[in-house]
Amino acid sequence: MTQYSRVSGSVGLITLKNPPVNQLSAVVRHGIVDTVQKALSDPKVKSVVICGQNGMFCGGADIKEFQTLANMRGPPLIPMIHSIEAADKPVVAAIEGGAFGGGLELALGCHYRIAHSKAKVGLPEVTLGLLPAAGGSQRLPRLIGVPAALSLITTGRHITAAEALQLGLVDQVADHNTVDAAVKFALSVAGQSLDARRISNFQCPPVPNMDALFEDVMQKVRTTARGAIAPIACVQAVRAAATLPYTQGMQREKELMATLFTSGQARALQYCFFAQRVVGRWSMPSGARWDTSKGRPIHKAAVIGLGTMGRGITVALAQTGLSVVAVETQEKQFMEAKKAVSNMLERGAKRSGKPLAHGKITYSQSLQAVADVDLVIEAVFEDMGLKKKVFQQLSAVCKPGTFLCTNTSTLDVDELASQTHQPELVVGMHFFAPAHIMKLLEVVYGPRSSPELVAVVMELGKKMGKVSVAVGNCRGFVGNRMLKPYRDQAYFLLEEGATPQLIDQALEEFGFAMGAFKVSDLSGLDVGWKVRKEEGLVQPGGGSGKSARIRNGVRYSPLGDLMCEQGRFGQKTGRGWYQYDKPGSRDARPDPWMHSFLEEYRARHGLVARRISNQEVLERCLYAMINEGFRVLEDGIAAGPEDIDIIYVFGYGWPRHRGGPMFYANMVGLEIVLERLEHYAQANPDMPTLQPCSLLRKLVASGSPPVNKWKEVIKNVRSQL
Ligand SMILES: CCCCCCC/C=C/C(=O)SCCNC(=O)CCNC(=O)[C@H](O)C(C)(C)COP(=O)(O)OP(=O)(O)OC[C@H]1O[C@@H](n2cnc3c(N)ncnc32)[C@H](O)[C@@H]1OP(=O)(O)O
């Protein structure tokens, strides 16, 4: 786990060996303590280099050890790092690949740091609900100053070696063999005084108006944290570094970490870390899997339809370095799209510092231009008739073997596949707007989709920087299917006495980026209205009598339809569930009109408004969504709860520190979720989405196992279907 050798005559070389990322598991910590001791007591050794095997310095503490305190045996990190810093021989960290979390804290305990030019460093503990509690919160501000340390520690972002050099975080950047460079460096500094190299002896560089700086940062962090506690603790820890002597600062770091370490938020965030990796190991009901299905390379792709989604997809593809054919048949949209894509690419290049990808895109107004591409993504208007026609044309125009993908958000992927000569080469690629920014990609396979194609698309998603989740085909797939009962409950609560702001506030306090009604205003009320009209659900004027609030035997709220009849489509019209200064503006303000609109509506339907509590808003909206999540699992549409949770965290603004809806249900207690659903279902017999799903009952009957054990129960339920 830790290898020791003497190199170049007088340098003790310690190599961390713990695949996959040389994480600091107990045996590694043991190894470090032993080998450092060995090097320091060997008179032939004049200096020491610490490196990691396989081109990776260290990915930090072993996160798996955090799951149970019982795993936290072995030498603790803090004294281990202190003994390195206190050593009387220079210790140099040779950073290849990356130094993250405890890995960087180990490097900060060394007297010198040399990084490879492609290496990255960071303190991402905050993303795991923690803080850099192996001295990182105290050493980093002393080394690089309070403002830069605050930025790194509160965001957890990884920085390049070049940025680290500029900040003074590393002493040298090597272009070639970093270990060789570190050994050479170690030889050159042997015997030199280390007094000025021990960071814990440093004072933080002074900051003018320090109180104002911390107040300002704390304010910003509170706003962006949306209820997460770790970023706030990170600010408090850095403040301790700036105001207290090192030992007292370390004590403060320890106290703050003690609160975070056992918190539900840390559990949720660490669950998300592993869940994100679980979903990469996809499987299909046929048994096809990520490790047995091989894709083939895509060199040239096409996008059909250059509306908002098509433009974003074009940019996302071009930014991966692919050649892209962008097709739009309507002249006006074609001209606008070319300009918009070009602007988006320029902004992206500026943001990332990478070269412009313009040259990779060719534009065409004819579908014939896609004849030689390897993969097509259709992004035309959400209309089954239109999409079917496009797929028929694509099947005729494209070379055999071309993968055909649709960016539909709800429509039946299998029905589209059946329009083509090779239905096995069709899948859904459900992007989220804006497609070049949003991280989530739902990859929707049908019963005939080939595993090769799923492998290709999952890989392509990864290249585009997306978190791709493979899901089965059903209306709305996973994300939008679960969103429907959530939204429905929000509408029903309006009818029963709530206001849009009351509901949104409850959801935002829970941690959602935006409440249901603000989201509806942003995406446009007319989108759903069009779909409902096509489905024959809309009765002009909202209908009257009992039928007005019932469709196909289940409760229906015509509120959204009535809003649309008044031209209130949301932000785009300057009026929706909220009012806006002007069309397109984003600053939502409560609209007094809504009060009389709802009063008149309730009077017309004989509804008496009652007081709705935040708790009821959360229980009805979230438990209805979670209940649908259990149905999704029961139907085999998602492979496991991790898939659902990652979809919600990355695509729907679900607060990451609550771990996703299914993890949240587990945290609340499945028996409580079941009891509340039973309660609400009894009170609302015309809302079948509140009827507890049988999988939920089964899980409760099985003793409410933790989320990572659900798959066993799900397997049994599915085999009985
Ligand atoms: C009271 C106690 C006091 C203790 C004080 C402790 C203070 C220190 C805390 C920490 O250090 S917390 C950990 C901080 N480090 C991180 O957050 C880094 C996490 N890892 C990553 O960001 C990435 O893995 C990477 C290092 C950038 C590499 O990315 P890459 O894309 O190359 O690989 P992945 O697929 O992400 O990971 C491969 C494999 O490795 C597992 N893994 C990664 N990091 C860790 C880790 N720190 N601990 C345990 N396991 C780790 C990851 O889960 C993957 O495994 P599989 O899931 O595929 O089996």
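Buried means under 20% relative accessible area, exposed means over 50%, and partly exposed lies in between. That scale is used throughout this report on a predicted model.

**An aromatic pair across the scale**

Tyr 363 has a relative accessibility of 25%, so it counts as partly exposed. Phe 334 has a relative accessible area of 7% and is buried. The total for the model is 19 aromatic pairs. Two of them are set out below.

| Ring pair | Distance between centres | Angle between planes | Type |
|---|---|---|---|
| Phe 66 and Phe 261 | 5.3 Å | 75° | edge-to-face |
| Phe 334 and Tyr 363 | 6.4 Å | 85° | edge-to-face |

Why do both angles give this type? Planes over 60 degrees apart count as edge-to-face.

The pair of Phe 334 and Tyr 363 links distant parts of the chain. Phe 334 sits in helix 13 (residues 331-352), and Tyr 363 sits in strand 12 (residues 361-364). They are 29 residues apart.

Phe 66 belongs to the loop between strand 3 and helix 2 (77-85), while Phe 261 belongs to helix 10 (residues 246-261), so their pair ties together parts 195 residues apart in sequence. Phe 66 and Phe 261 are both buried.

Ring pairs also build a cluster. Its members are Tyr 486, Phe 510, Phe 512, Trp 654 and Tyr 664.

Strands of a sheet pair through backbone hydrogen bonds, either parallel or antiparallel.

Val 92 has Tyr 112 of strand 6 as its bridge partner.

**Strands 10 and 11**

Another parallel pairing joins strand 10 (residues 300-304) to strand 11, over five bridges. Ile 304 has Val 327 of strand 11 as its bridge partner. Of the five residues of strand 11 (residues 323-327), four are buried, so the strand is largely enclosed by the rest of the structure.

**A buried alanine in a loop**

Ala 134 is found in the loop between strand 7 (120-122) and helix 4 (136-144). Its relative accessibility is 4%, so Ala 134 counts as buried. What does Ala 134 touch, leaving aside residues up to four places away in sequence? The list is Leu 77, Ile 78, Ile 81, Glu 105, Arg 139 and Glu 253. Gly 101 is 33 residues from Ala 134 along the chain, and the C-alpha atoms of the two are separated by 8.7 Å.

**Two crossing helices**

Helix 17 (residues 479-496) packs with helix 22 (residues 592-604) at an angle of about 80°. Their axes are 9 Å apart. The two helices are therefore roughly perpendicular to each other. Helix 17 contributes Leu 494, Glu 495 and Glu 496 to the contact, and helix 22 contributes Leu 598, Tyr 601 and Arg 602. By class, this contact has three nonpolar, no polar and three charged residues.

Note on methods
Residues numbered from 1 in each chain as written. Predicted model: local features only at pLDDT ≥ 70, side-chain atom pairs only at ≥ 80, totals over all residues. Heavy atoms only, no water. Axes fitted to C-alpha atoms, helices over the stretch in contact; angles between N-to-C directions. Parallel < 35°, antiparallel > 145°, perpendicular 65-115°, else oblique. Contact = heavy atoms within 4.5 Å. Nonpolar A, V, L, I, M, F, W, Y, C, P; charged D, E, K, R; others polar. Pairing = 2+ DSSP bridges. Phe/Tyr/Trp six-rings, centres within 6.5 Å; stacked < 30°, edge-to-face > 60°. Buried < 20%, exposed > 50% of the residue type's maximum accessible area, 1.4 Å probe, protein only.
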